[in-house]
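Subject: Handing over the structure

Dear colleague,

I am passing on the structure we spoke about, and below it you will find my notes on what was found. Please read them with the structure open beside you.

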Amino acid sequence: MSAARCWELVREKVNQEIAKQHKLGRKGLPPLQPPGSLDGLEMFGFSSPAIVQVILLINTCRKIK
């Protein structure tokens with residue numbers, strides 16, 4: 001599974017719970033999160049410049065070996 005798919009599953013579960021609580025009459029709930037509202041790479045920190053550099057460095061080192 002990818003970080004993106006993991007976050008999609010989390011977002012779906014959160015939306016299910018928001019919908020369930022809304023049906024029970026609970027007020028003050030956050031809005032449902034649309035697809036792509038946050039991507040998995042961003043959510044788990046994989047899109048930060050430092051992490052991207054390390055991933056690129058690791059991939060470069062693997063190609064050299």
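Which side chain of opposite charge is nearest to arginine 11, and how far away is it? The model you have is a predicted one, and in it the nearest such side chain is that of glutamate 12, at 4.4 Å. Arginine 11 belongs to helix α1, and, once residues up to four places away in sequence are set aside, it touches Gln33, Pro34, Pro35, Gly36 and Ser37.

Arginine 5 and glutamate 8 both sit in helix α1, three residues apart, which is about one turn of the helix. An α-helix has 3.6 residues a turn, so residues three or four places apart point the same way.

A buried residue and an exposed one

Isoleucine 18 is also placed in helix α1, which covers residues 3-23. Its relative accessible area is 11%, so it counts as buried, the cut-off being under 20%. Apart from its neighbours within four places in sequence, isoleucine 18 is in contact with Leu29, Pro30, Pro31 and Leu32. Isoleucine 18 and glutamine 33 are 15 residues apart in sequence, and their C-alpha atoms are 9.5 Å apart in space.

Lysine 27, by contrast, is found in the loop between α1 and α2, and it is exposed, with a relative accessible area of 73%. Between the C-alpha atoms of lysine 27 and serine 37, which are 10 residues apart along the chain, there is a separation of 22 Å.

The nonpolar patch and helix α3

Which residues form a nonpolar patch on the surface? They are Leu41, Met43, Phe44, Phe46, Ile51 and Ile55, and together they have about 500 Å² of accessible area. The elements that give two or more residues to this nonpolar patch are α2 (40-43) and α3 (49-64). Phenylalanine 46 lies in the loop between α2 and α3, and with 40% relative accessibility it counts as partly exposed.

How many of the 16 residues of α3 are buried? The count is zero, and α3 is accordingly described as hardly covered. From its first C-alpha to its last, α3 reaches 23 Å, which is close to the 22 Å expected at 1.5 Å a residue.

Definitions and conventions:
Residues are numbered from 1 along each chain as its sequence is written. This is a predicted model: local features need pLDDT of at least 70, side-chain atom pairs count only at pLDDT 80 or more; totals for chains, interfaces and linings use all residues. Side-chain values use heavy atoms; hydrogens and water are left out. Helices (H or I, at least four residues) and strands (E, at least two) are DSSP runs, numbered from the N terminus. Buried means under 20% relative accessible area, exposed over 50%, partly exposed in between (1.4 Å probe, protein chains only). Contact means heavy atoms within 4.5 Å. Lys and Arg count as positive and Asp and Glu as negative; His and the chain ends are not counted. A salt bridge is a side-chain nitrogen of Lys or Arg within 4 Å of a carboxyl oxygen of Asp or Glu. Patches are made of residues with over 30% relative accessible area and no salt bridge: like charges are joined within 9 Å, nonpolar side chains (Val, Leu, Ile, Met, Phe, Trp, Tyr) within 5 Å. Accessible areas come from the Shrake-Rupley method with a 1.4 Å probe; for residues, only the protein chains shown count as cover. The expected span of a helix is 1.5 Å times one less than its number of residues.
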